[in-house]
Each structure stands twice: as C-alpha cells, then as structure tokens.
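User: Hi! I'm new to this one, could you walk me through a few spots?
Analyst: Happy to, let's have a look together.
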Amino acid sequence: MTDINNPIHKIFYPESIAIVGASNNPESLSWKLLDNIISYGFRGRLFPVNPKSPSVHSIKSYKSLTEIPDEIDHAILMVPKDFVLDTIDDCHKKKINAVTVITAGFKETGGEGAELEKKLIEKINKYKIRLVGPNCMGVINTNPEIRMNGTFVLGTPERGGIGFVSQSGALGAAVLKTLQQNDTGLAQFISIGNKADISGNSIIEYWASNPEIKVITVYLESFANPRMFMELNRQVTKIKPVVVIKSARTAAGMKAASSHTGALAGSDTVVDAFLEQSGVIRVNRIDELFDIAKAFDKAAIPAGNRVGILTNAGGPAILAVDECAKAGLLVPELSEETKLKLREIAPKEASVGNPVDILPPASGELYAKAMDIMFEDHNIDTLIVILGPPLVTNTIDLAKSICVAMKNTTKTGMVVLMSQDDIITKLRQEEEDHPPLYPFPENAVRAVEKMLYYNRWKLAEAGKYVEFDVKKNTVKKILSKYKDKENTYLNFDDVEAVLEAYGLPLIKSVNAYSTRETIEAAKSVGYPVVLKAMGSKLVHKSDIGGVITNIHNKGELLRACGQIFENLKQRGAIKQFEYFLVQHFAAGGVETIMGISKDKSAGHLIMFGLGGIFVEVFKDVKFRLLPINDKEASDMVKGIRSYKMLTGVRGKKAVNIPYIEENLLRLSQLANDFPQFTEIDLNPFIFTPDKEECFILDARMKVN
Ligand code: ADP
Ligand code: MG
C-alpha cells in the first residue's frame, strides 16, 4: 500500500492519536471530537492531553504531549490559538510529524491571525512536520481496521470508496450528513481548512495511489496554483476519476484589460479552462457531486452510450428517455430475441420496447427475470431500473431482489427508487453490496453521462505539442524595442511583422500616408478594399467611424477618405489619426476571434470563439492555459456553443477546421516563446473552406 513513512498516510491510518486540548465540557468541540473517535470505535490508542484534568471522557489524560509514554502517529490540536506554536514544539520533541490543527483564528481572520499562521508555517518547515489546517474540521477513515472519525460533526458516514477533500469545514459537515441519508459511502474525508501546508493537491496525489479510494471528490474555494493542479490532475485522472465542485475563483484576476480576450477572461473562465484541461469532472452542485461519485464507486463504467430502461411506471421512464437524449445517450431498440423472452414473462399489457414497462404489480421476481434478459441484450451497455412510487408495502423486498439481480452482470446497472428515501437507508443495512441508488431517473442518467465523459478522457491518446518552423529571432528583435515600455501596444507595422514571422495570415494590407497614396495602395491589394484610420491611440477604430468596408473603385475610395476624416473630426479623434491602412476586402467566411491574455495566478491563456462585433455579447469562447497541444486546440474549437456555424449550416460548406487548429497552435507557440505578451486579439479572424481565403482582418498586441 502507500508509504507508511508518509505523514499524510499517518494522518489517515494512525495507530495512535493524541488530542491536545481535549476538554471535559460536553458542549465543547474538543469533547465532541473525542466522543466521535470513541463512539465510532477507533481501533488504535487514544491519548487526550489536558493540563488541568487527570481524565477526559473517562480516559486517562496527560498534562502534555511529552508526558505520553507511547509513540504518537497523529496529533490533533484543539488548544486555544495562542498555545498552538508551543504545542508544535512539543510535537517536535515527541517526534510527531503528522499534525492536524483544528483551532481557528489564523489567516482567515487577517492581521494578527495571518502573522500567527506565518510563524506556524516557519515552525513546521523547520521541524519537517506535515500539517492539516489550521481552521479545519478534521479527518475520517472508515476502513474497518482504522475506524477513525476525527471530526466534531454529528453522525458517522457509511463505508464506501469515495475520498472527499473539502476546503470548507462547514460544507464538509453538511455533506457528511447528506451522505448518510443518501446511500453514499465514504472511504476517507479530510477538511483542509486554511491549507497552510497540506493542500488539496497533496491529498489528491496521496489518494491517487491509495487503492481504497475509487473516486476522488473535491470541494475547493481557491486554487493557489492552477497550473500545478492541472498538471497533477492530468495524471491522476488517467488512474481514477476526480470530481470537482466548482465554486472557486482564481485569486488575482487580470490586469485591467482593453482587449476582448482580456475582457472575456474573467476568473471564472480561467477556472473553467484549467479544470477542463485537467480531465476532472466538473459539477455545479453538491448533490451532483455525490450522484456521480457513487456511480463510480458502485457501478462499472459503461462500455458505450446505449441505455436500457426497465420500469413499472410510465412517467419516470419518459423522464429518463428525455434526459438520455439531452445527455447524448441512446435508448436503442432491443433485439427481437430479448423482446420475445420478455413477452414470455411479462403481463399481456406490458410494453417490451425500450423502455420496458412491466407495470405496477410487478414482483421482485419479475424484475429480476426481466433484468437478466435485458442485461444479455448486446444492444445495451447500461441498465437503469426504475421502481415507481410505492403502491404496495413490500417495496423493500422488491428493491432487494433488484439489487441481488444486479450481481449477475458485469454491465453498468443503476437503480431509481422514486420517493422512497426510507427504503434507501433500510436497503443499505440489508444489502450492503448494492448498485448506486437514485431518487430520480435524471440523476442516474447524468451519472452515466459523466462516467462516459470520464472514460473518453481516460482512453484518449495524449495530445502532441506541435512546433512550427517560425522566425523567432524576428520577433525577438521587434520586442526588444519595447523592452523598457510598460503595458504598451505594438504599432501595427510591428504587429504585421510578428504575425508574418509566426505564419499567422494577415490579409494583404498596405499603409497610405495621404489620400493620394491610398489609390496606389488599393491597386496593390486589389479591389474591393477596406479603408481604416490608424494611429497608436486609435484602439477601437470602428467605434469612431474609422473603418469603411467594401470599397469598389477610386471614386468610392476618395469619398471614403473624406468620410473618415469627417467621422474622426466629429468624434474629436482627428488628432490621433496617423495614416490609412488599405486592406483587401474579405467577403464571406465565418468571423472568429483568437487571443491571448494573462492571469496573475494561472499565467497565459489562449482563447478561441465566435468573433466580430458581438463577441462580448454572446461570450461564446473557450479558454485554455498555455501551451496547448493539438488535442486541446481541437477541443477548443469543438467546445464552443456555435461549433455548428463552423461545420456548415443551411447548405454552407464547413470552414477549414484543421486550419483553425493550426493557427491556434501557432498563436500558442508565439505567446509561449514570448511571455512578455500580455494581450493579443486577432479579431476578426475569418475562416472559409479554402485555406487560402482565411485571413486575420485586425490584430492588436500588448506587451509587458
Ligand atoms: P476595430 O476592431 O478597431 O473596430 P476592425 O479592423 O476589426 O476595427 O474592423 C471592424 C470590422 O470591420 C471587423 O470586425 C470586420 O467585420 C470588418 N472588417 C475589417 N476589415 C475587413 C476586411 N479586410 N474585409 C472585410 N471586413 C473587414
Ligand atoms: Mg477588430
């Protein structure tokens, strides 16, 4: 198993525990914690420490840690905060290197508390002690040979294969309670509080190699290091599923952004991005977290997306079918053989299509037979068995027969017990080894969906990091001109040169420094053309009437020059005008946006989405942390809501999607080679079916 010298292992599997600050006041948290350890039946030795009382909770207690004659594996500190540092000294003297600090009043209170936490960290680093907390709720291990409920929460969880790490103590407590009512079994629980030392990552890493943990569940409020989380979980999720409830925001957020990419890269989007890249399953609600976790714990991962439904009530089955459709799961026809066999056993009025409805009086025996038949059907990967609201009193026997019949298969099986919470609790006692139980069909279907999502991720080949042949030195030279300037836009000539160096296709553009020069420029780019007012301070050109498109001849061109001057004068922007940019006019194609932004805690992000002037309205964009591999580039493109716009709607041909991906990878390489880029917007970036007709029409780059 896991390394016994690992302090984290000792925290979960101690042979001896000391509770420092154990109190005889039954109202206190420390008494409650001690009480929980005793009543849950801890299999090791327990040593309360209380300087004033010779016994606590009827157990001999010690004046200090150092007085305890035995070795201590895990010390749980509940002393007042001003005594925590001294107690850590005692831990060191006693050669304890695994400590949990329940005591609050540290960083979460700011000021002095934060100072105290700093000192605590210094001390444990010096002593090489690993620490959970402070300001946490403790740990649980339901392993029958350990039986440790080292928390002060009411009630004890059932045994199962779920590991749950929670940053919030209060939430952890609420969850533990729900789990009991909800047929969800825990292997281990830990509340990590302020994460002064042991973080969510440390626990995830430890559980990855702990065979008792089948599925890791995570509630985090902050990610100290998003990149590390991503890199760790990419590996862990190849071994076992990690389900994360997403409430977290990154700490710092962006520099005030003037680009679309920057404006869209809210901290929420950043969290979305790196969680998606981590391969974890994201959920938005606690109940969903455990619906999915218990599926992984108690059911096999489906081999495919075909679902069979067996029910004794029509309504719930329809709900299940609808939810399957939403989740991209099939509810296929059953084979003729299956239907014949079902006909033989089911009542006349029963329906033997899929869903199979064996009607309300169905007995446990009938359910079991029907299940055997359906599981044998090669068209089915998962069977969801629904037991409608009870009409009879023997539901528990019915449910039991269903659970027993589930054992005859290696396929995925789930049971829906509609409005029968009491049965769920009873069933667990009578039939410990049972499939996942759900109160509604939708919960079961969504769990199947997420299991399939996980399996696709697990089996997918790792993406490749592609490197293009680019002119890195050219960009290096250009950027050296900006090295002393803070937060500065590159001038457009430099933008052009950078794009060129990395093979990013800017539409043919020529500068014109007078109205007369626009005529030559238009000839060289070819009519129809677009005329743009340029200047280092003109950031959003069309907002001030600085862009005129679809110009067909010299006459229109000269009028457009006059019009632009007029517009700029009216908006008081004429002083910022420096020259005209004449571009070839790109007709047709889909306007997309690509960009780079920089988050203080997560680093560089790349964005792709539907572009043009409505980009900030529809917010149909995907972010990823840099650098991206070819698979991630492809996921980004497929991941936007309006992906269909790219594959062709209303008889339109699909745009060149591989070329979109190539350009994303080139942009990723650029920002990865030159982290001094803080913002890049390529908007619009037009894509058509023909690679030669795909162009960047406008670009902005900011450095430092
Ligand atoms: P800005 O973003 O500064 O307002 P753009 O250069 O992006 O200015 O131009 C505004 C809009 O004009 C673009 O979103 C695009 O719809 C259109 N446009 C710009 N350049 C071209 C071009 N070369 N061909 C066709 N349409 C263009
Ligand atoms: Mg633009």
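Predicted model: local features only at pLDDT ≥ 70, side-chain atom pairs only at ≥ 80, totals over all residues.

User: Good to know. At what angle do α11 and α16 cross?
Analyst: Helix α11 (residues 314-326) and helix α16 (residues 441-459) cross at roughly 30 degrees, and their axes come within 8 Å. Angles under 35 degrees count as roughly parallel, so α11 and α16 are roughly parallel to each other.

User: And which residues make the contact?
Analyst: On the α11 side there are Pro316, Leu319, Ala320, Glu323 and Cys324, and α16 brings Pro441, Glu442, Val445 and Arg446. By type, the residues of this contact between α11 and α16 are 6 nonpolar, no polar and 3 charged.

User: Switching topic: which residues come nearest to ligand 1?
Analyst: There are 17 residues around ligand 1, and Lys532, Lys541, Ser542, His584 and Glu591 come nearest.

User: How does Ser542 sit relative to the ligand?
Analyst: An N or O atom in the Ser542 side chain is 2.4 Å from an oxygen atom of ligand 1. For Lys541, a backbone N or O atom lies 2.7 Å from a ligand 1 oxygen. Gln583 has a polar side-chain atom 3.1 Å from a nitrogen atom of ligand 1.

User: Back to helices. Is the crossing of α19 and α20 right-handed or left-handed?
Analyst: α19 and α20 make a right-handed crossing. Their axes cross at roughly 135 degrees, which makes α19 oblique to α20.

User: What meets what there?
Analyst: Thr515, Thr518, Ile519 and Ala522 of α19 meet Lys554, Leu557, Leu558, Cys561 and Phe565 of α20.

Methods:
Residues numbered from 1 in each chain as written. Chains lettered and ligands numbered in written order. Heavy atoms only, no water. Axes fitted to C-alpha atoms, helices over the stretch in contact; angles between N-to-C directions. Helix = DSSP H or I, 4+ residues; strand = E, 2+ residues; numbered from the N terminus. Parallel < 35°, antiparallel > 145°, perpendicular 65-115°, else oblique. Contact = heavy atoms within 4.5 Å. Nonpolar A, V, L, I, M, F, W, Y, C, P; charged D, E, K, R; others polar. Near = heavy atom within 4 Å. Polar contact = N/O pair within 3.5 Å; in protein donor to acceptor, adjacent residues only side chain to side chain. Left-handed = near helix turned anticlockwise from the far one by under 90°.
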